[in-house]
Amino acid sequence: MKFTLSWLKEHLDTDEPLEKLADKLTMIGLEVEHIEDKAKALAAFSIARVISAEQHPNADRLRVCMVDTGNGAAPVQVVCGAPNARAGLISVFSPPGTFIPGKNITLGVGTIRGVESRGMLCSAAELQISEDHDGIMELPTDAPIGAGYAQWARLGDPVIEINLTPNRQDCTGVHGIARDLSAADMGKFRDPGIKPIKGEFPCPVKVTVEDPALCPGFALRLVRGVKNGPSPAWLRERLTSIGLRPINALVDITNFMAYDRARPLHVFDAAKVKGNLTVRHARDGEKLLALDGRTYTLDSSVCVIAADHGVESLAGIMGGEASGCDENTTDVLIESALWNEINIAQTGRKLGINSDARYRFERGVDPAFMVPGLEMATRLVMELCGGSPSESVVVGKQFGEDRVIDFPLTEVKRLAGIDPPISEMKRILTHLGFMMAGQGPVVKIAVPSWRTDVQGKADIVEEIVRIVGVDKVPMTPFERGDEPRKPILSAIQLRTRRAKRALAARGMVETVTWSFIAKPAAELFGGGQAELALANPIASDLSDMRPSLLPGLVAATQANNDRGFADVALFEVGQIFSGDRPQDQFIAAAGIRHGFASGKGIGRHWSGTAAADAFDAKADAFAVLAAAGAPMQALQIVPGGVSWLHPGRSGTIQIGPQNVLGYFGELHPRAAEALDADGPLIAFEVILDRIPDAKQKPTRAKPVLELSAFQPVSRDFAFIIDRGVRAGDIVRAAQGVDKKLITSVTVFDVYEGKGIDDGKKSIAIAVTIQPREKTLTDQEIDAVAAKIVAEVTRKTGGSLRA
Amino acid sequence: MTDLVQLESEILDQIAAAGDEAALEAVRVAALGKKGSISALLSTLGKMSPEERKTQGAAINLAKDKVTQALTARRDILKSAALDARLASETIDVTLPLRETPVEQGRIHPLSQVMDELTTIFADMGFAVAEGPDIETDDYNFTKLNFPEGHPAREMHDTFFFNPKEDGSRMLLRTHTSPVQVRTMLTQKPPIRIICPGRTYRIDSDATHTPQFHQVEGLVIDKGSHLGHLKWILHEFCKAFFEVDHINMRFRPSFFPFTEPSLEVDIQCRRDKGEIRFGEGEDWLEILGCGMVHPNVLRACDIDPDVYQGFAWGMGIDRIAMLKYGMSDLRQLFESDVRWLSHYGFRPLDVPTLAGGLSS
């Protein structure tokens with residue numbers, strides 16, 4: 001919403017400076033977005049006369065001018081390049097030190113080709129008041145030498161633009177803005193009232209409203225014998241000052257009413273409208289050439305005003321070209337109506353029309369001002385164009401509802417923390433047009449018709465607080481009381497945090513990718529369900545909710561690869577979706593390693609360069625699980641698992657087949673190819689929600705530590721086994737021999753090749769035996785060792801390596 | 001006697017000439033071993049007369065002691081020389097550059113770090129963290145939050161929708177984290193003090209908007225919290241988050257469907273070559289919206305607005321992260337460029353704490 005200071009002063013008797021008014025507007029909720037103050041920006045530019053213009057001694061195209069800047073000052077020497085610089089010309093002068101907006105420079109005293117120049121004669125473009133830069137400005141001979149140019153050219157009216165919130169339809173007119181400012185002590189509100197105009201004859205045009213839900217009120221009046229033409233200067237200046245184009249008096253009046261009184265109107269050339277008016281739904285396929293020169297194809301959701309020729313106007317949005325008023329108009333129909341806000345908004349969006357009428361009607365205009373608005377417009381038409389008015393046709397029953405709110409005065413203190421005296425509350429509300437009755441503790445407050453946004457007690461509190469000033473609300477410490485200081489994060493929140501830090505500590509870099517991915521990628525990773533496909537995706541590759549973090553991470557890895565960074569280890573911890581219910585959303589932690597980004601470090605290095613492999617992914621997954629508090633002893637690793645990983649180089653992490661926590665391995669080459677990524681890619685994903693909750697313990701004390709007094713004994717064994725036998729089975733077999741004595745089994749060597757038969761491999765384990773009650777004799781240790789060999793042999797079919 | 005003197009002198013010469021420990025050992029064996037020259041002399045003592053044995057014995061033992069001492073001294077010298085030689089051969093090039101450890105190379109995304117910072121600050125003020133699903137119903141995202149029918153946010157061009165179900169209802173991607181407030185109010189009795197950080201979605205994509213972004217909202221419901229408390233909390237938060245001693249904030253009346261009164265909050269700042277300094281300057285920068293929870297919202301969540309009251313606020317995590325850490329382009333937060341992530345990301349051990357500082 002734009003208006004000028006002088007326009008505001010038509011409605012507000014005030015001497016307050018612009019800055020103060022602007023600050024106040026912002027502080028009462030009418031946020032000033034921009035002030036264009038040409039008078040201030042152009043204050044240094046004055047009207048001057050060129051006394052003489054001589055050829056520059058050293059430059060063909062330059063002239064040396066002596067300039068009379070007025071006020072009895074000595075003539076000033078200016079070097080000027082404009083072809084029209086000549087003796088006697090009245091133009092615009094700026095002294096050294098002036099900021100030239102059109103050139104974005106501050107002028108200094110200059111010496112141009114050996115001749116001093118103490119200022120500048122300016123073009124209109126240099127002042128940014130027009131595009132014209134063909135020479136310096138030429139002003140009429142009666143322009144006062146020495147006067148400020150901006151004042152003389154009537155550029156002195158600052159333009160204020162406010163960012164209006166959608167609830168304040170009353171401030172889509174300058175009148176309403178002035179009312180708010182008056183309540184905030186910024187001056188006296190001028191509200192002389194509107195006198196009705198007596199019709200001289202019945203209105204010959206009848207109005208039928210087919211659907212009152214779309215049009216709760218409609219008022220119409222004919223003015224006969226008008227003479228349409230350019231508006232008077234005051235009206236044209238009003239409109240041009242805020243960037244509107246004057247058209248003719250009748251049209252200008254409607255625009256003026258919209259901006260002055262938040263009352264959009266429409267004028268039809270009565271001669272071009274045949275028959276009576278019907279307000280109705282458009283018929284599917286009906287067309288209208290609108291005033292913006294575009295033809296709109298309508299459907300039954302659009303509300304129109306139609307006559308015998310068909311649609312004449314898009315109700316509340318834009319008139320039709322065919323019935324528009326021009327200089328030949330002699331009889332004018334003035335329409336002032338009420339429209340359904342939602343329908344206006346939807347129609348405007350659908351047709352892509354942003355008109356001043358739509359802007360107001362979709363916010364909901366003051367219903368009680370429909371008829372007075374028509375009266376005021378009629379008066380303006382008669383004043384500017386003459387003519388004789390008909391009586392008004394008014395369709396509709398009630399224009400606005402009476403709203404009275406029972407308001408406990410304590411409500412202000414309760415919600416806002418301030419306690420203004422009742423007299424102050426009453427003063428504020430009265431200025432805003434409310435009426436307050438009673439002395440309390442509960443008063444009755446009648447809401448003015450134009451404040452359709454005020455419905456309840458909280459709204460009244462807001463009115464009082466915003467005018468008193470939110471800055472007057474004292475900051476009040478918010479005590480946390482004696483609530484115990486307990487951890488506030490839930491289990492999953494804690495797991496999420498720890499998973500991130502654990503992965504970053506493994507050298508991986510956290511990223512955040514899109515929650516939505518391309519459908520084929522979603523399908524590849526087990527997603528792509530119909531209920532997870534967006535109806536209105538922003539792009540075809542951001543169409544489906546992700547079933548896994550990996551597709552996004554693969555794309556991110558490839559993007560880095562394409563930038564020349566091949567050795568990357570990326571991870572993400574975030575939401576994945578298996579359905580559209582809350583319980584179908586999980587938090588996953590996933591990572592991708594590519595190139596020389598192994599667990600040892602990123603990139604090549606003299607100390608050892610290793611390409612990332614499936615064991616890095618396994619280690620990443622285990623780091624997440626350990627950090628997130630998973631029961632590590634209970635985890636089982638099952639080879640293979642998901643279709644998007646290499647069948648021979650991947651594993652599934654589970655606690656029993658019913659609870660799969662995640663998987664790791666090398667991305668399947670087919671998956672990499674489908675995602676347009678260069679493999680090999682090393683991947684893991686763990687679903688943090690699936691980690692069983694740890695048991696709550698009554699205290700934080702750790703279990704008692706038992707330290708054995710006896711030295712542990714270590715024994716090494718190497719087994720030759722079939723290549724397909726899993727190391728994990730050997731470890732488990734060895735461990736199972738005596739769970740009390742055997743405290744650890746580690747694999748310290750895996751060998752295939754020379755010395756070992758084809759199809760076989762050698763696996764060496766170190767077994768730690770921890771005596772508990774006494775030192776073991778050699779015979780006892782040998783007995784345990786023999787059992788280990790027997791058990792491993794039995795379970796795996798292997799034999800002790802000779 | 002001359003023989004003994006000569007023998008001793010010969011042995012001492014041999015000791016001095018021994019070049020390594022093995023040669024020295026050979027000298028020792030030749031002199032003091034079972035069949036050594038001095039051992040042989042000692043074995044002759046038994047055949048001597050007592051007087052002769054007395055003088056000869058003393059002389060031979062004296063020679064033996066001298067030889068033994070010389071052997072020990074020589075052995076120390078040779079051992080030390082051998083160690084020096086070995087160490088010289090073991091020299092390494094200590095200028096070889098180290099590999100950065102994983103802890104130095106890994107990074108936490110700025111958004112994660114800022115979420116941890118927010119949590120730390122609000123936990124200290126007694127707030128819990130609530131979360132909810134990204135895929136929401138129209139009811140929780142709009143209706144219960146007092147969005148009127150026909151509100152532009154409910155249109156397909158503002159909000160991501162899923163396809164309609166058989167009953168005509170359609171799920172959507174939440175446009176703010178306010179549905180978490182609704183879920184909390186429906187399941188928890190006041191007093192309520194929560195923050196709701198999370199991912200949100202709107203159809204928007206340009207230099208300052210991305211289709212997904214992150215918000216943190218706060219909600220307080222009890223029997224006495226008012227605008228003065230809200231102002232205090234936000235003021236304390238801004239000081240703590242931006243890590244400044246003082247900050248000027250401006251609370252402006254505004255409008256949101258779910259709060260009444262509603263306020264927008266600006267902080268005073270100075271912009272200087274892409275850097276923003278808070279607590280000084282002439283510019284006002286809008287950072288959040290807030291207000292008293294609208295009575296209609298309370299009613300929709302089965303809370304009596306005449307008994308309970310409270311306030312809520314919401315701000316963009318991406319935005320405050322960018323402001324604090326000087327990141328200029330929102331889109332880079334989601335572009336996974338390792339150069340950007342390494343530069344703007346945080347080290348894994350830099351966990352924000354109140355005791356140690358949020359960002360240091």
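Modeller: Two strands pair if DSSP finds at least two bridges between them, and the helices (H or I, at least four residues) and strands (E, at least two) are DSSP runs numbered from the N terminus. The model is predicted: local features need pLDDT of at least 70, side-chain atom pairs count only at pLDDT 80 or more, and totals for chains, interfaces and linings use all residues. Residues are numbered from 1 along each chain as its sequence is written, while chains are lettered from A and ligands numbered from 1 in the order in which they are written.

The sheet I would pick is an open one of 4 strands in chain A, ordered β42-β43-β41-β44 with antiparallel pairing. Strand β41 (residues 713–722) of chain A is joined to strand β43 (residues 760–769) of chain A by 10 bridges. Within that pair, F717(A) stands opposite I765(A).

Helix α19 (residues 727–735) of chain A lies across β41, β42 and β43 of chain A, at about 150° to β42(A); axes are lines fitted to C-alpha atoms, for helices over the stretch in contact, and angles run from 0 to 180 degrees between N-to-C directions. Helix α20 (residues 778–796) of chain A lies across β41, β43 and β44 of chain A, at about 20° to β41(A). Contact is counted when the C-beta atoms of two residues, placed from the backbone, lie within 7 Å.

Now the rest of the chain. The domain assignment, which is automatic or from a database, divides chain A into domain 1 (2–37 + 157–189), domain 2 (40–152), domain 3 (207–396), domain 4 (407–472), domain 5 (491–690) and domain 6 (713–800). The centres of domain 4 and domain 6 of chain A, taken over C-alpha atoms, are 85 Å apart.

Towards the other end of the numbering, an open sheet of 3 strands runs β1-β13-β3 in chain A, again antiparallel. Its edges are β1 (2–4) and β3 (31–36) of chain A, each with a single partner strand, so one side of each has no neighbour in the sheet. From one strand to the next the twist averages 30°. β1(A) pairs with strand β13 (residues 159–163) of chain A over 3 bridges, and K2(A) has E161(A) as its bridge partner there. Helix α2 (residues 18–27) of chain A lies across β3 and β13 of chain A, at about 155° to β3(A).

Strand β7 (residues 90–94) of chain A has 4 of its 5 residues buried (20 or more other C-beta atoms within 10 Å of a residue's own; exposed is 12 or fewer, partly exposed in between; C-beta atoms are placed from the backbone). β7(A) is joined to strand β4 (residues 46–55) of chain A by 4 antiparallel bridges, and to strand β12 (residues 120–121) of chain A by 2, also antiparallel. F93(A) is the bridge partner of S46(A) and stands opposite L121(A) in β12(A).

Overall, chain A has 20 helices and 44 strands. Its radius of gyration is 42 Å, well over the 28 Å that the globule rule gives for 802 residues, so chain A is more spread out than a compact globule; the radius is taken over C-alpha atoms, and the rule is 2.2 Å times the number of residues to the power 0.38. The C-alpha trace spans about 125 × 80 × 60 Å along its principal axes, and 43% of the 802 residues count as buried.
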